[in-house]
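Subject: Structure for you to look at

Hello,

Here is the structure I promised to hand over. My notes follow below it.

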Amino acid sequence: VVTGSDDTTVRIWDVATGREERRLEGHGGLVSSVQFSTDGEKILSGSWDKTLKLWDLRSGRAECTLTGHGHWVNHAELASCGHRAVSSARDLTVRVWELGTRE
């Protein structure tokens, strides 16, 4: 299970024990949206810092930070292909991101 928090972290939990397995840090605001990739190797997070981050679970680091929203990110979703993401924000925009180009 993955959760976003108002302490600006993304956390991965062991369902069986209820214990935190990993904490990902790097956002500058509340994390409002999180999703595992279909292969379970990455996490996409959206935040009130107006960014999305694509996390590599092996390294625990953000592979990329996507910027362009003018207000906080409400929701972020990875496409099943793993090469695109879609996000919506409080600035009333929806963006489609090509993750290979980070645009």
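Val86 lies in strand E9, residues 84-89. This is a predicted model, so please read everything below with that in mind. At 37% relative accessibility, Val86 counts as partly exposed, because that class runs between 20% and 50%. Val86 also belongs to a nonpolar surface patch with Val94 and Val96. Together the three have about 260 Å² of accessible area.

The sheet around E9

E9 sits in an open sheet of three strands, in the order E8-E9-E10, with antiparallel pairing. The edge strands are E8 (73-78) and E10 (94-98), and each pairs on one side only. Neighbouring strands here are turned by 20° against each other on average, direction ignored. E9 and E10 run antiparallel and are joined by five bridges. Within that pairing, Ser88 stands opposite Val94 in E10.

Is Trp97 buried or exposed? At 3% relative accessibility, Trp97 counts as buried, since the cut-off for that class is under 20%. The side chains of Trp97 and Ser87 are joined by a polar contact of 2.8 Å. Trp97 and Leu44 are 53 residues apart in sequence. In space, their C-alpha atoms are 12 Å apart.

The four-stranded sheet

A second topic is the open sheet with the order E4-E5-E6-E7, four strands with antiparallel pairing. E4 (31-36) and E7 (61-67) stand at the edges. Each has a single partner strand, so one side of each is left without a neighbour in the sheet. The twist averages 20° from one strand to the next.

Going through the pairs in order:

- E4 and E5 (residues 42-47) run antiparallel, joined by five bridges. Ser33 stands opposite Gly46 in E5.
- E5 and E6 pair in the antiparallel sense over five bridges. Here Gly46 stands opposite Leu52 in E6.
- E6 and E7 run antiparallel, with six bridges between them. Asp56 stands opposite Arg61 in E7.

Strand E6 covers residues 51-56. How many of its six residues are buried? Six of the six are, so E6 is largely enclosed by the rest of the structure. Thr51, Lys53 and Trp55 point one way from E6. Leu52, Leu54 and Asp56 point the other way.

E5 and E6 form a hairpin with three residues between them. Lys50 in that turn has a positive phi of about 75°. E6 and E7 form a hairpin too, with four residues between them. In this turn Gly60 has a positive phi of about 80°.

The E2-E3 hairpin

E2 (residues 9-13) and E3 (residues 20-25) pair in the antiparallel sense over five bridges. The bridge partner of Trp13 is Glu20 in E3. Six residues lie between the two strands of this hairpin. Gly18 takes a positive phi near 75° there.

Best wishes

Key. Residues are numbered from 1 along each chain as its sequence is written. This is a predicted model: local features need pLDDT of at least 70, side-chain atom pairs count only at pLDDT 80 or more; totals for chains, interfaces and linings use all residues. Side-chain values use heavy atoms; hydrogens and water are left out. Patches are made of residues with over 30% relative accessible area and no salt bridge: like charges are joined within 9 Å, nonpolar side chains (Val, Leu, Ile, Met, Phe, Trp, Tyr) within 5 Å. Accessible areas come from the Shrake-Rupley method with a 1.4 Å probe; for residues, only the protein chains shown count as cover. A salt bridge is a side-chain nitrogen of Lys or Arg within 4 Å of a carboxyl oxygen of Asp or Glu. Buried means under 20% relative accessible area, exposed over 50%, partly exposed in between (1.4 Å probe, protein chains only). Two strands pair if DSSP finds at least two bridges between them. Axes are lines fitted to C-alpha atoms, for helices over the stretch in contact, and angles run from 0 to 180 degrees between N-to-C directions. A polar contact is a pair of N or O atoms within 3.5 Å; within protein, one must be able to donate a hydrogen and the other to accept it, and residues adjacent in sequence count only if both atoms are side-chain atoms.
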